[in-house]
Structure formats: structure tokens, C-alpha cells
Amino acid sequence: MTQDELKRLVGQAAADYVNTHVPDGAVLGVGTGSTVNCFIDALAPHKSRFRGAVSSSVATTARLEQHGIRVFDLNEIESLPVYVDGADEIDASGAMIKGGGGALTREKIVASVSEVFVCIADRSKRVDVLGTFPLPIEVVPMARTAIGRQVMALSGVPVLRVRNDGSPYVTDNGNEIIDVKGLHIDDPRGLEALINAWPGVVTVGLFASRGADLCLLGSDQGVEMVSYDV
Ligand code: 5RP
């Protein structure tokens with residue numbers, strides 16, 4: 001199967017999971033990315049079962065609304081039974097690198113109020129050690145260079161994310177992203193806590209202290225459901 005076919009497969013599996021595990025009238029947390037888009041498309045025929053969704057990005061909001069799915073502000077919602085999102089890498093403990101699509105901050109916020117985090121990914125995202133995929137850090141622009149120095153002290157290589165025209169990529173929150181190459185992350189929770197403490201860091205794309213509860217992992221053999229002990 002191609003990677004796109006695997007994304008559709010796990011998107012459908014996530015819609016099936018939500019349909020069988022989430023009660024009628026619930027509000028769902030929805031992540032961002034091409035795999036999540038497949039989930040949204042697979043969920044759309046069942047939208048009348050749900051009250052709506054809390055979205056993690058402007059792009060996801062647009063896709064949900066195109067399907068006629070109501071989008072709630074997170075401030076209107078106390079808790080979410082489930083949050084469905086993709087990942088750039090996921091390890092054996094359910095810790096992830098996320099933010100390849102730039103939505104890491106809102107993704108982390110929505111995930112934090114969700115009871116169950118369902119990661120949807122194709123088999124290529126499963127790694128033994130996180131760090132081959134560059135680690136995104138959303139930063140307040142004035143702190144970009146100072147944070148770059150901190151990254152280099154960890155032997156990481158900071159690269160400012162840019163748009164096609166060479167200007168800095170700007171997140172939905174008006175910040176910039178540094179992608180850190182060359183890390184071998186054998187303590188994801190420790191590194192998440194360390195980077196979170198640097199002034200000017202909005203969010204680090206390590207999702208380890210609140211990682212996935214389960215992963216729907218797609219491969220040529222089908223979809224495997226992997227659960228993680230918290
Ligand atoms: C966006 C993300 C995405 O979940 C991650 O980049 C995976 O995206 P895709 O499903 O397109 O491979 O973290 O910020």
C-alpha cells in the first residue's frame with residue numbers, strides 16, 4: 001500500500017474507533033495533518049452522532065466546517081472523551097514528536113484536556129528512538145536566536161522553519177518554529193521538561209509527559225491497535 005492508502009486506512013479505523021467507543025452527543029478533539037484529514041473525511045458520514053469538535057488548527061477547523069461539523073471553542077468545553085491526531089514519530093512508550101504541520105501548541109492544549117489520546121500513523125512513523133525527524137519548537141520570535149544557542153549546547157542543529165518564499169513560517173498563534181536536527185532522544189520526558197523551561201519557548205513538539213494512550217498503526221498487514229501503560 002502507498003503511504004496515502006495507509007493514511008486512509010488508519011483514518012477509517014479511527015472513525016470506527018470513535019463510533020464504537022464515544023457516546024452519542026460527545027464533542028471530539030481533532031488534531032492536524034494529512035492523516036487527520038483522512039479521519040475527518042471518514043467521520044463526516046457519522047457527524048449527526050456527535051455534537052461537534054474542538055479543533056487544533058485553522059486548517060482543521062476549515063476541513064471540519066466544510067463537512068458541516070460544528071467547531072467549538074475549547075473554552076466552552078470541560079473535557080473531551082477522545083483526541084485523535086497523527087504524529088511524525090512515535091516510540092514504544094507512546095511518546096511522540098509532533099509539529100511537522102506546525103500545529104503543535106494547539107495540539108498539546110487540546111490533547112491535555114482529553115481523556116484518551118488516539119494516535120493514528122502509518123508504520124513508518126514507529127521508531128525505537130525519537131529524533132530522526134527534526135524536533136519542532138514553537139518560539140516567540142524575539143527569543144529565536146537565544147533558543148538556538150540553547151539547542152546547540154545540546155548538540156542539536158537549529159533550523160528556522162521558512163515558507164516557500166524564504167520568509168519565516170508563522171504559526172496560527174503568530175510565532176515561529178525552530179526545527180532541531182541531530183537529536184537522539186533517549187529521555188523524551190526529561191528533554192520535554194528541559195526545553196519547556198527555556199524563556200521564549202511556547203511549546204516543544206515532544207509529547208511525552210502526555211503521550212498517546214493508544215495508537216492505530218497502519219501497515220500492509222492492516223491496522224494494529226497498540227495500547228500504552230501510563
Ligand atoms: C501537525 C502534526 C501532525 O500530526 C504530524 O505532522 C503528522 O502529520 P501527517 O499526518 O500529515 O503525516 O503534528 O502539527
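Predicted model: local features only at pLDDT ≥ 70, side-chain atom pairs only at ≥ 80, totals over all residues.

Residues are numbered from 1 along each chain as its sequence is written, and side-chain values use heavy atoms, with hydrogens and water left out.

Ligand. I found 17 residues around the ligand, the closest being S34, T35, D88, K98 and G99. For polar pairs (N or O atoms within 3.5 Å), I noted an N or O atom in the side chain of S34 at 2.5 Å from a ligand oxygen, and a backbone N or O atom of T32 at 3.1 Å from an oxygen atom of the ligand. The ligand alone exposes 380 Å², of which the protein buries 91% (Shrake-Rupley method, 1.4 Å probe).

Helix α2. I assigned helices as DSSP runs of H or I with at least four residues, and strands as E runs of at least two. Because 7 of the 10 residues of α2 (residues 34-43) are buried, this helix is largely enclosed by the rest of the structure; buried means under 20% relative accessible area with a 1.4 Å probe, protein chains only. T35 and F39 are among the buried residues.

Serine 55. I located S55 in strand β2 (residues 52-55), and at 13% relative accessibility S55 counts as buried. The side chains of S55 and T61 are joined by a polar contact of 2.8 Å.

Methods: Buried < 20%, exposed > 50% of the residue type's maximum accessible area, 1.4 Å probe, protein only. Near = heavy atom within 4 Å. Polar contact = N/O pair within 3.5 Å; in protein donor to acceptor, adjacent residues only side chain to side chain.
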